[in-house]
Amino acid sequence: MLFSSQVTAAEVVIAVAANFTNTTRQIAPLFEKASGHTTRISYGSTGKLYSQIEHGAPFEVFLAADTQRPIKAEAEGLAVPGSRFIYARGKLALWSKTTGLFDSGEDYLKSGNFKHLATGNAKTAPYGLAARQVMTHLGLFSRLEPKLVRGESIAQTFQFVATGNAKAGFVAYSQIKSWRGESGSTWEIPLHYYTPIDQAAVLLKKGESNPAAHAFLAFLKSEAARKKIRELGYGVE
Amino acid sequence: MSSIEIRLRSQLGDFSLDVSFETPARGVTALFGRSGSGKTSVLRAVAGLVKTPQGLVRVNDEVWQDENRFRPAHRRPLGYVFQEASLFPHLSVRRNLEYGWRRVPEQERQIPFHDVVELLGIGTLLQRTTQSLSGGERQRIAIARALLTSPRLLLMDEPLSALDHGAKQTILPYLESLHDEFTIPSLYVSHDPNEVARLADRMVVLEQGKVIAEGDAATILTRLDLPLAGYDDAASLLEGTVSSHDHTYHLTWISTHGGRIAIAREDLPVGRRARVQIQARDVSLSLRAHSDTSIINILPAKVIDTHDISQTQMLVRLEMDDGQTLLSRITRRSALGMGIREGMHLYAQVKSVALLS
Amino acid sequence: MIFDWQPVWLTLKLAGVSTLILLVIGTPIAWWLARSTTWYKQIISAVVALPLVLPPTVLGFYLLIMLGPEGPVGRLTQSLGLGTLPFTFGGLVVASVIYSMPFVVQPLQNAFQSLGQRPVEVASTLRASPWDRFMTVVIPLARPGFLTAAVLSFAHTIGEFGVVLMIGGNIPGVTKVLSVAIYDHVETLEYGQAHLLAAGLLAFSFAVLLTLYLLNGRLNRNHQP
């Protein structure tokens, strides 16, 4: 492969939102195998990656955890107009490490029978905002607020629950899918309880002339990639 | 039981200490030896600053340590003067002096604050910071600080060795007056025979962690089998009393039972005890009592033994009529010419005498 | 714009309490490290220095595990009826104490070592008991070391972020300290609030550090022999 692809093969440098780390690790080899291109991937919080892009980081493709940052990238001329699309939709779940803690997450939340409830920071984490919408939708927010412990990112929120420090918490469904410990109790929250957590991808100006960058975004829309993304706990359009 | 008994045995790496001696609980006992002979180790063990596995330290009828007991340093009523003054830099001179004094219960304070200050001449220094003192002043403060704890034993670890010659000379009189003013027994570590000659009553000579000789300072200093006598400045000590003053020639006469010695006029009361030091190199020998010589001090004596100190020179140890010892350094050639041998009676001509105290 | 003072007070309280506890715990550890000659002394030194090596979020993660309901410390605190420490002010204090330990122990250890054995020996021949000589000789003479330790620990706790974020859960009034508040403002693009807090933090910290260093400088001058 090294020889056959030497003429056309290129490398694509990708910035990926932290929540999509695990999924990207599984998709990238599929892409490399299918296209002969290679990838170099940086993971980080959407906000940090964005400010790195703003300051000239050599990223060619940006997979964000929201739609806001890719839109902004387009508006500020950092991304190629019209290249943006939703590659995954985050799903929120209520999760506890304890198996059989609840059948109906809704009832569990209403019981209030816990000391701490973990959630992402609604100001900084999209999943935190969604969790807040769910609590508001259920009319429980003011009752639950004193019990909330906030992770700065959804990864931190997951750690609060995974270490048992919080009995339960709002986490990303994809995190539960990658969790190798006890399956615990999961409540997949109905999608109409919160605004969709759309994650958008965009082709950055630096990747405009790199065929590998174009190829990667195309691959992300392929059925093979969509299947993987769905398997790992995201919705796709 | 009016004595100090010290028996120590310890092994520190290559150095083994095995020291045992008893000395009267009065006056100054010098621990004498070259550096590395174990003098300071003995002092530190006596103070309880180091714990020797086997040891006995008794001061009069108080046992500070034996096989079963070990009193830590702060429970031993002692004063310790270190080689460097080691004043507390964060305290004023007065506070330094008061540090130990305040920690002694009032009823146990035997030495008035004022007396110590006066004796050591430090009254004008009390308000100063320690940083502003000269080396000699610092050491005087350190001595005063130790005295103010009303110690039952004073330990001094070469308190003069860090000082220059001038400062040494100014402090020696204070140390001598200590001896006269207070009846505190002390152990005084030194490697300087002159210092020992001036201050010590008794001597314990250490070599490689062992006691090789002990006894009266005057005797030990003149014993020819000890390394001391080999020193360039080997000297003897004579004790006597001030007998008269010669106003015409400006002399002071000191008499011993073995003869009269003149020194340059000193303002001392007649009848006072006096100690003089005579360097071996300042003593020449003669078979007859010459009157045709410039030397005033001529003392009859008897040869006890002799000792070659080099291929050229030898030491002759003499005994005066009263049993005191005098050392003389002469050339081997002269000795041979005079036919010097043990038991021989002759005259010692003393060229120079130093009054010690 | 309503200025939220709560994180400021909380931060000062955390830094103050942590520093105090650190001085109390760190002093005997530093003293022992400065004096001991045992072979395992180096092991203890290394353990104390470990927080310097671990990234704060990693340390925070392990603290979360250790102090959590299933961790050894968490089990202990629960069995003592204290509950668990994460998400409480007490938990933040524990985390800060561990995290800032090397910043207290090392300057103190240096100060004690440079003091040497002599002043302590002198004091003991002047009838001072071990505790007495520690209080009246060691502490005054090691004062520059104590100042450095206190400054570093205080400053470090104020600026601490990663561990606090992990173990605190960002609860207003309980665990939402200044650094977290600033981070929140920055993340949500509330730059005005962020600048205000950050500027205040910088000015205050600078004032504290400067004051202490000036004091320290004067003390050092006074101690010159």
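A residue counts as buried if 20 or more other C-beta atoms lie within 10 Å of its own. Keep that cut-off in mind for chain C. The model shown here is predicted.

Apply the cut-off to chain C first. Of its 225 residues, 40% count as buried. The secondary structure of chain C is simple to list: eleven helices and zero strands. The C-alpha trace of chain C spans about 65 × 45 × 30 Å along its principal axes. Now look at contacts within the chain. Take those in chain C between residues at least 6 apart in sequence; 71% of them join residues at least 24 apart.

Next, see where chain C meets chain B. Chain C gives 16 residues to this contact, and chain B gives 18 residues. Which elements of chain C give two or more residues to the side that touches chain B? They are α6 (118–125) and α7 (130–141) of chain C. The largest share of that side of chain C comes from α6(C), with six residues. By residue type, the side of chain C that touches chain B holds eight nonpolar, five polar and three charged residues.

Cross over to chain B. Its domain assignment gives domain 1 (3–221) and domain 2 (235–355). The C-alpha centres of these two domains of chain B lie 33 Å apart. Six residues of domain 1 of chain B and six residues of domain 2 of chain B make up the contact between them. On the domain 1 side, the elements of chain B that give two or more residues are α6 (193–199) and α7 (217–221). Here α7(B) supplies the largest share, four residues. What kinds of residue make up the side of domain 1 of chain B that touches domain 2 of chain B? Five are nonpolar, one is polar and none is charged.

Domain 1 of chain A is written in two pieces, 11–89 + 198–231, while domain 2 of chain A covers 92–188. Taken over C-alpha atoms, the centres of domain 1 and domain 2 of chain A are separated by 28 Å. Seven residues of domain 1 of chain A are in contact with seven residues of domain 2 of chain A. The side of domain 1 of chain A that touches domain 2 of chain A has two nonpolar, four polar and one charged residue.

Stay with chain A and find its sheet. Strands of a sheet pair through backbone hydrogen bonds, either parallel or antiparallel. In chain A, an open sheet of five strands has the order β2-β1-β3-β10-β4, and its pairing is mixed. Where are the edges? They are β2 (38–44) and β4 (85–90) of chain A, since each pairs on one side only. From one strand to the next, the twist averages 20°.

Zoom in on one pair of strands. Strand β1 (residues 11–17) of chain A is joined to β2(A) by seven bridges, and the two run parallel. Within β2(A), G44(A) stands opposite A17(A). Finally, look for the helix that lies across these strands. Helix α1 (residues 21–35) of chain A lies across β1 and β2 of chain A. The helix runs at about 175° to β2(A).

Conventions: Residues numbered from 1 in each chain as written. Chains lettered and ligands numbered in written order. Predicted model: local features only at pLDDT ≥ 70, side-chain atom pairs only at ≥ 80, totals over all residues. Contact = placed C-beta atoms within 7 Å. Nonpolar A, V, L, I, M, F, W, Y, C, P; charged D, E, K, R; others polar. Buried ≥ 20, exposed ≤ 12 C-beta atoms within 10 Å, placed from the backbone. Domains from an automatic or database assignment. Pairing = 2+ DSSP bridges. Axes fitted to C-alpha atoms, helices over the stretch in contact; angles between N-to-C directions.
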